[in-house]
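Subject: Structure handover and findings

Hello,

Below is the structure I said I would pass on. My notes on what was found in it follow directly after.

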Protein chains: 2
Amino acid sequence: MWNDASPSRNTQQAMKRKAILRAAAIVFTRQGSRGATLEDVAGSLGVSKAALYRYVVNKNELILACQEEALDIADRALSLGEETGRTALDKIRIGLTTYLVEMIAELGVPALILEDNALHGAEAERTYEKRDAYEMRMRRLVAEGMADGSIVATEPKIAVFMLLGAIHWVSKWYRPEGPWTPAQVAHAIVEIASRALDADPATQLTTCLDPATADHQKRKEHHAF
Amino acid sequence: MWNDASPSRNTQQAMKRKAILRAAAIVFTRQGSRGATLEDVAGSLGVSKAALYRYVVNKNELILACQEEALDIADRALSLGEETGRTALDKIRIGLTTYLVEMIAELGVPALILEDNALHGAEAERTYEKRDAYEMRMRRLVAEGMADGSIVATEPKIAVFMLLGAIHWVSKWYRPEGPWTPAQVAHAIVEIASRALDADPATQLTTCLDPATADHQKRKEHHAF
């Protein structure tokens with residue numbers, strides 16, 4: 001029909017679903033998933049709550065879908081790291097940098113920060129298991145790095161908590177409309193956080209992300225606390 | 001009266017206020033400050049909402065009071081670091097370690113994670129200014145460390161974002177009822193995060209926080225994602 005000039009019904013559905021996930025990720029990040037409502041998500045898309053209900057059963061399903069998407073991105077990014085990194089530390093670096101860049105591209109936020117027990121129902125259990133599996137993968141990579149000589153002797157749990165804290169916190173201070181590109185931010189934050197584990201740490205880090213615009217950042221756009 | 005055997009009315013008021021702040025900090029951390037209600041805070045104290053209203057005007061006032069307390073602890077901890085640390089990196093280490101330990105002792109949580117624009121009203125502006133002042137102090141210390149040779153060449157903003165991310169994220173995985181003491185956790189996380197900046201990084205970090213109980217940690221009690 002129409003020689004495929006207009007996207008098929010299925011493609012349109014998938015595109016709308018993607019737009020909803022993206023809007024939801026941003027609203028949940030800014031307002032918290034418990035505080036935000038489906039109306040807030042609908043409002044940010046400029047549609048009615050009724051229109052949203054054609055694609056979404058309830059808020060819990062939407063939180064789950066965002067978290068699933070984030071975990072899929074994290075898994076794929078880490079697989080890329082494992083395929084292309086030379087040392088375990090390289091694998092972690094590629095995995096985390098790719099995760100941040102992909103998250104900003106796909107969901108519009110660098111990471112999802114959920115409240116405790118934000119997920120409910122039977123599917124939540126599966127998502128928590130996926131999250132735990134990702135963390136275990138990260139911990140194994142830290143141990144692998146201790147064996148291959150790329151990572152200093154450390155407690156893998158603490159190392160992974162530290163890395164994921166630095167990564168998740170990007171959502172609290174990074175604004176895509178600011179002067180730093182996703183790639184710049186991802187590189188700089190992974191570079192410094194991963195130096196904490198590096199058996200052969202660089203003697204110099206990126207010192208100037210964007211000299212011309214550094215002073216133009218507005219107070220509330222970049223804060224860390 | 002009663003020979004001071006029972007605390008004075010003022011002391012009792014102050015103690016109750018402290019108990020409320022502590023309960024609120026925990027509820028806000030677990031549920032998000034937007035998602036949580038004053039009923040949730042009252043419920044966690046085992047009192048009625050009406051009883052709470054004798055001490056608190058509304059939820060916004062309580063969020064502000066928690067954030068003010070956290071910033072006061074952060075400021076005092078950093079002052080202690082500045083008074084007792086030899087290098088700028090030592091100052092940062094003492095400041096962050098003390099902050100984590102004090103926060104857990106005073107508010108029952110390692111750090112407060114607030115949603116964007118969680119604070120409202122005229123007082124909020126003052127609190128945001130205080131938070132910005134703390135961040136500026138931290139950034140100046142990073143610059144000081146680059147000058148005194150204790151910190152590698154880096155972008156102070158990114159360095160502070162990374163450190164505060166690692167510190168705040170402790171709230172997402174640390175449970176006081178778990179096997180790690182506040183001092184152990186504070187030491188281990190600050191040790192590894194600050195190594196990222198260290199001009200003379202240790203070749204070995206704390207490798208084993210608590211070998212006997214490491215496997216007893218329940219899945220949902222310690223997760224990083």
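I start with α4(B), whose buried residues are Leu62(B), Ile63(B), Cys66(B), Gln67(B), Ala70(B), Ile73(B), Ala74(B), Ala77(B), Leu78(B) and Gly81(B). Here a residue is buried if 20 or more other C-beta atoms lie within 10 Å of its own, exposed if 12 or fewer, and partly exposed in between, with C-beta atoms placed from the backbone. Helices (H or I, at least four residues) and strands (E, at least two) are DSSP runs, numbered from the N terminus.

Please note that this is a predicted model: local features need pLDDT of at least 70, side-chain atom pairs count only at pLDDT 80 or more, and totals for chains, interfaces and linings use all residues. Residues are numbered from 1 along each chain as its sequence is written, while chains are lettered from A and ligands numbered from 1 in the order in which they are written.

Chain B helices

The cover over the buried residues of α4(B) includes α1, α2, α5 and α6 of chain B. The expected span of a helix is 1.5 Å times one less than its number of residues.

Helix α1 of chain B (residues 9-31) has 23 residues and reaches 32 Å from its first C-alpha to its last, close to the expected 33 Å. Its buried residues include Ile20(B), Leu21(B), Ala25(B) and Phe28(B). Among the elements covering the buried residues of α1(B) are α2 (38-45), α3 (49-52), α4 (59-84) and α8 (170-173) of chain B. Just after α1(B), Gly32(B) has a positive phi of about 85 degrees.

The loop between α5 and α6

Leu107(B) sits in the loop between α5 (88-106) and α6 (122-148) of chain B. Is Leu107(B) buried or exposed? Leu107(B) is buried, because 23 other C-beta atoms lie within 10 Å. Leaving out residues up to four places away in sequence, Leu107(B) touches Leu21(B), Arg22(B), Ala25(B), Cys66(B), Glu69(B) and Ala70(B). Two residues are in contact if their C-beta atoms, placed from the backbone, lie within 7 Å. Leu107(B) and Ile73(B) are 34 residues apart in sequence and 9.9 Å apart in space, C-alpha to C-alpha.

Asn117(B) is also found in the loop between α5 and α6 of chain B. Asn117(B) is exposed, with 12 other C-beta atoms within 10 Å. Its phi is near 50 degrees, a positive value in a residue other than glycine. In chain A, Asn117(A) has a phi near 50 degrees and is exposed, with 12 other C-beta atoms within 10 Å.

Chain A helices

The axes of α5 (residues 88-106) and α6 (residues 122-148) of chain A come within 7 Å and cross at roughly 145 degrees. Axes are lines fitted to C-alpha atoms, for helices over the stretch in contact, and angles run from 0 to 180 degrees between N-to-C directions. In this contact Ala88(A), Leu89(A), Lys91(A) and Ile92(A) of α5(A) meet Leu141(A), Glu144(A), Gly145(A) and Asp148(A) of α6(A).

In α9(A), 10 of its 14 residues are buried. What covers these buried residues includes α5, α7 (156-168) and α8 (170-173) of chain A, together with α7 (156-168) of chain B.

The two chains together

Chain A can be laid on chain B with an RMSD of 0.0 Å by a turn of 180 degrees and a shift of 0.0 Å along the axis. That is the relation of a two-fold axis. Copies are superposed by least squares on the C-alpha atoms of residues with pLDDT of at least 70 in both.

How many residues of chain A are in contact with chain B? There are 44 residues of chain A in contact with 44 residues of chain B. The largest share of the chain A side, 9 residues, comes from α7(A). By class, that side has 23 nonpolar, 11 polar and 10 charged residues. Ala, Val, Leu, Ile, Met, Phe, Trp, Tyr, Cys and Pro count as nonpolar, Asp, Glu, Lys and Arg as charged, and the others, Gly among them, as polar. The copies meet through the same surface, because 100% of the interface residues of chain A are also interface residues in chain B.

Regards
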